[in-house]
Amino acid sequence: MDSLILNSHKLFFILLITLFSGLLYLLAPILTPFVIGALLAYLVNPLVTQLMRLRLPRLLSIIIIFSLLFSLIILFVLLLVPLIQKQISNLIDMLPKIIAWGEDTVIPWISDQLGIHEPSMGSIKTTLVTNLAKTSNTAEKFFNTVMHSSFILVEWIINLILIPVVTFYLLLDWNKVMANIGYLLPRRIEPTVVKLMKECDTVLSAFFRGQLLVVLVLSLFYAVGLTWIGLRVGLILGFMVGLVSIVPYLGVIIGIIIASIAAYIQLNTLSSVLFILLLFIAGHIFEHLYLTPKFVGNRIGLHPVAVIFAILAGGQLFGFFGILLALPVAAVIMVWLRYLIEKYHQSSLYQ
């Protein structure tokens with residue numbers, strides 16, 4: 001009888017998880033502002049708690065934090081957006097030179113190395129140009145559709161309004177929400193779930209507050225370094241490389257390739273390419289010897305291959321919503337997997 005009840009409980013939880021996952025999949029297109037709001041609330045809540053320790057009311061603490069955040073956002077828009085727009089214009093101006101360099105230097109070198117005859121290379125170039133033109137036309141059509149579609153514009157405005165609203169109300173009732181979630185848990189498994197959720201909180205804290213800080217520092221480091229070397233697109237390249245650095249080694253590899261090509265095309269000197277290489281080697285050493293151990297440590301425990309797979313799987317299953325949640329969900333899954341493996345090692349099945 002007891003085993004029957006236990007099996008029915010397990011079946012109930014499996015059905016509940018399946019239903020919840022299916023509901024997430026169906027609602028993914030509208031969940032993005034709520035997910036971003038929840039993530040912001042999770043990130044900001046420790047700051048609110050710190051202000052409350054100074055005997056400030058929670059509502060006043062939230063208002064102070066919101067004011068600081070909006071001030072930083074406005075400052076970012078006023079200072080960086082014009083610079084980024086100029087960098088994008090510079091990048092567009094450089095594209096013809098990069099294409100010409102590829103045709104005059106890279107393609108002949110590949111032709112010599114692989115022994116491909118010129119007619120074949122000509123057809124390859126024709127195919128590439130045709131596909132690039134199609135891609136350019138498709139991107140242009142997509143951009144025009146987005147810009148001229150009132151529905152999409154209204155949707156973006158609604159999402160931008162929803163994000164701070166969701167963040168505010170979640171912060172206001174954060175402790176109540178966490179307590180209510182605890183009350184919903186069955187008493188028999190509540191201690192185990194709470195213990196695992198604390199480990200998940202440690203992992204997510206390391207990811208959000210640690211990894212994102214690492215990304216920010218690296219973005220500034222590479223942006224300043226590339227600009228100092230003399231790249232007209234140094235700012236946008238630096239921020240792009242810093243953002244991609246969330247996947248181990250990928251940021252450095254992409255940064256060296258793109259920045260070296262841009263430096264050689266613009267400055268036309270091998271010394272500039274050498275400076276680029278030294279900059280990224282220094283950034284990589286700085287990241288792994290200081291930034292990651294100090295701000296992240298080994299608490300996330302995700303292999304680089306697992307990071308890449310999580311991002312691709314999240315994007316494939318849930319689109320942009322899935323990309324937002326890919327790494328946090330993967331980190332939480334790792335916590336639960338470690339717990340299950342520990343239980344397996346203690347079981348008679350393993351012994």
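Is leucine 171 buried or exposed? At 0% relative accessibility, leucine 171 is buried, where buried means under 20% relative accessible area, exposed over 50% and partly exposed in between, with a 1.4 Å probe and protein chains only.

The views below are of a predicted model, in which local features need pLDDT of at least 70, side-chain atom pairs count only at pLDDT 80 or more, and totals for chains, interfaces and linings use all residues. Residues are numbered from 1 along each chain as its sequence is written, and side-chain values use heavy atoms, with hydrogens and water left out.

**View 1. Overall chain.** The chain has eleven helices and zero strands. Helices (H or I, at least four residues) and strands (E, at least two) are DSSP runs, numbered from the N terminus. In order from the N terminus, the elements read α-α-α-α-α-α-α-α-α-α-α. Of the 351 residues, 26% count as buried.

**View 2. Leucine 171 and leucine 172 in helix α4.** Helix α4 holds leucine 171 and also leucine 172. Leucine 171 is buried, whereas leucine 172 is partly exposed at 31% relative accessibility. Tyrosine 42 is 129 residues from leucine 171 in sequence, with 8.1 Å between their C-alpha atoms. For leucine 172 and alanine 41, which are 131 residues apart along the chain, the C-alpha separation is 9.3 Å.

**View 3. Nonpolar surface patch.** Leu59, Leu60, Ile63, Ile64, Leu68, Ile157, Ile161, Val165, Tyr169 and Leu172 make up a nonpolar patch with about 850 Å² of accessible area together. Helices α2 (58-114) and α4 (150-172) each give two or more residues to this patch. Patches are made of residues with over 30% relative accessible area and no salt bridge; like charges are joined within 9 Å and nonpolar side chains (Val, Leu, Ile, Met, Phe, Trp, Tyr) within 5 Å. A salt bridge is a side-chain nitrogen of Lys or Arg within 4 Å of a carboxyl oxygen of Asp or Glu. Accessible areas come from the Shrake-Rupley method with a 1.4 Å probe, and for residues only the protein chains shown count as cover. Leucine 68, in helix α2, is exposed with a relative accessible area of 51%.

**View 4. Largest cavity.** One cavity of 30 Å³ or more is found in the whole structure, and the largest cavity has about 40 Å³ of space. A cavity is a set of points on a 1 Å grid over the protein atoms alone where a 1.4 Å probe fits but cannot get out; lining residues have an atom within 4 Å of a point. Grid points are joined across faces, edges and corners, and a volume is the space filled by probe spheres set on the points. The lining consists of Ser245, Val247, Pro248, Tyr249, Leu250, Gly251, Val252, His284, Glu287 and His288. Helices α8 (250-267) and α9 (270-295) each supply at least two of the lining residues.

**View 5. Arginine 55.** Arginine 55 lies in the loop between α1 (2-52) and α2. Its phi is positive, about 70 degrees, although arginine 55 is not a glycine. Arginine 55 is exposed, at 79% relative accessible area.

Notes
1 Å grid on protein atoms, 1.4 Å probe; cavity = no way out; pocket = protein on both sides within 12 Å on 5 of 7 lines; lining within 4 Å.
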